[in-house]
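These are my notebook entries on a structure that I am opening for the first time.

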Amino acid sequence: MLIRVNEITSWLTDIFATAGCPNEEACLIAVHLVDADASGHPSHGIVRVPRYIDYIHAGTVRPVCAYKTLVDSETLCLIDGQYSFGQVLGHHVVNRAENMCQKNGLGIIALRNAGHLGRIGGWAELLADKGLISIHFVTVAGSRIVAPFGGKQARISTAPVAIGVPHQAGDNETQHFILDFATSRVAEGKILVSQKTGSTLPADAMVDETGADSKIPKTIYGATATTDVPDPRAGKGAIQTFGQHKGSGLGLACELLAGALTGAGTNACDRPFCNGMLSIILDPEKLNTDDQIAAEISDFITSIRETSPRKPDQPVLIPGDPERAKRAVANRQGIELNATIAAQLKAISDGLGVSVPDIVPS
Ligand code: NAD
């Protein structure tokens, strides 16, 4: 079923607000989740709601944001998110970075103990909208679900990396470069979506306990695969990294930079679930001595887009293009809401006394 972006956003806002989040924070969580679906990453969108509500009930995430700033210098900042929602803390990082960059042209922000930060590219996009370049390394403490290159046991998290470079395509049009991916072969959320909807995964998405490639979600979810909230650590297998030793190396770097350095902790041992993020944010204008950066970025992006494609119907894109194209369609036509997920949202809503949009079958 297709549901309009504003309708699903206000439904999710009501769910989180009734579950205990302040209205404004509930709205930030809903907007970020819905935008993940709209931009083609449902793995980090609406499908997460049952898990998030479970976290609130279990007390593993704070419904009301609270954080402590532990290091607060002009260019370097360490924030303890105290297990508040990542979608709310992410906005704090964006706003803080903007202030730091206005003064110094640079802000390095280490964030520990954040709830799930969702689609990391969303933070790079918000910063690029402010004209800022950003690089984000992320780890998921307490989520040892990926095998390092050559291994068949889970040792690291899906550890995403995002890089955003602002690019103004016309007076009113931004076409930022937004590179944003997990260092795992697939994001865990894509395996969750496959378990819930039957969508197909790459044959080498996971490695099973014998060392063979696997695309069956049960490899990581084990006996919890068919429950409402599957546990990605309950199976005997692991997700593989992308790009062999190169993706694996980047994943290990995320554990070191976003886990060890921020204090969120690495996956060397069992920990409470949280995201750690090291974000490096720069104002390109502060380096723009010859007033050439924007033109150079523009020429480069044009030259990439003008590359002769291997398949005539598949033009060469820059990272960020697929999300922009999908978001434009979602804003026109609505978002595909899978029946299983709709039924779960309805059950949660019935439990909380939240009204359900008419479009959802009773
Ligand atoms: P993916 O494999 O879909 O890759 C997405 C990236 O590739 C984007 O930058 C996109 O613009 C670019 N891209 C896609 N097709 C392209 C093409 N044809 N040409 C050029 N560029 C192209 O991403 P993924 O690894 O599945 O990750 C999905 C999401 O999961 C990301 O948003 C990531 O931040 C998120 N994630 C979050 C966590 C967390 O703990 N918060 C953990 C893991 C992943």
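**Entry 1: an open sheet**

I began with an open sheet of 3 strands, whose order is S11-S10-S12 and whose pairing is antiparallel. I noted for myself that this is a predicted model. The edges of this sheet are strand S11 (213-214) and strand S12 (238-239), each of which pairs on one side only. I then followed strand S10, residues 206-207, and found that it pairs with S11 in the antiparallel sense over 2 bridges.

**Entry 2: strand S13 and its partners**

Next I turned to strand S13, residues 274-282, and asked how many of its residues are buried. The count is 7 of the 9 residues, so S13 is largely enclosed by the rest of the structure. I looked up its pairing with strand S4, residues 106-114, which is antiparallel and runs over 7 bridges; here Gly107 stands opposite Ile281 in S13. Strand S5, residues 133-141, also runs antiparallel to S13, and 9 bridges join the two. Along this pairing I marked Phe137, which stands opposite Leu278 in S13, and Ala141, which stands opposite Cys274 in S13.

I stayed with S5 for a moment and saw that this strand is mostly covered, with 8 of its 9 residues buried. S5 also pairs with strand S6, residues 160-165, in the antiparallel sense over 4 bridges, and there Ser134 stands opposite Gly164 in S6. As background I reminded myself that strands of a sheet pair through backbone hydrogen bonds, either parallel or antiparallel.

**Entry 3: the shell around the ligand**

An oxygen atom of the ligand has a polar side-chain atom of Glu323 at 2.7 Å, and a backbone N or O atom of Gly320 lies 2.8 Å from an oxygen atom of the ligand. A nitrogen atom of the ligand is 3.0 Å from an N or O atom in the side chain of His44. The protein covers 78% of the 870 Å² of accessible area that the ligand has on its own.

I looked up Asp321, which lies in helix H10. At 12% relative accessibility, Asp321 counts as buried, because the cut-off for that word is under 20%. A polar atom of the Asp321 side chain lies 2.8 Å from the backbone nitrogen of Ile318.

Thr307 sits in the loop between helix H9 (293-305) and H10, and with a relative accessibility of 37% it counts as partly exposed. The side chain of Thr307 reaches the backbone oxygen of Ile304 at 2.5 Å. I also compared Thr307 with Pro357, 50 residues apart along the chain, and noted that their C-alpha atoms are separated by 45 Å.

**Entry 4: two positive phi values**

Last, I checked backbone angles, keeping in mind that most residues other than glycine have a negative phi. Tyr83, in strand S3 (residues 76-84), has a positive phi near 60°, and at 25% relative accessibility Tyr83 counts as partly exposed.

Where does Gln244 have its place? I found Gln244 in helix H8, residues 244-260, with a positive phi near 50°. Is Gln244 buried or exposed? At 51% relative accessibility, Gln244 counts as exposed, since that word applies over 50%.

Terms used: Residues numbered from 1 in each chain as written. Predicted model: local features only at pLDDT ≥ 70, side-chain atom pairs only at ≥ 80, totals over all residues. Heavy atoms only, no water. Polar contact = N/O pair within 3.5 Å; in protein donor to acceptor, adjacent residues only side chain to side chain. Areas by Shrake-Rupley, 256 points an atom, 1.4 Å probe, with all protein chains shown as cover. Pairing = 2+ DSSP bridges. Buried < 20%, exposed > 50% of the residue type's maximum accessible area, 1.4 Å probe, protein only.
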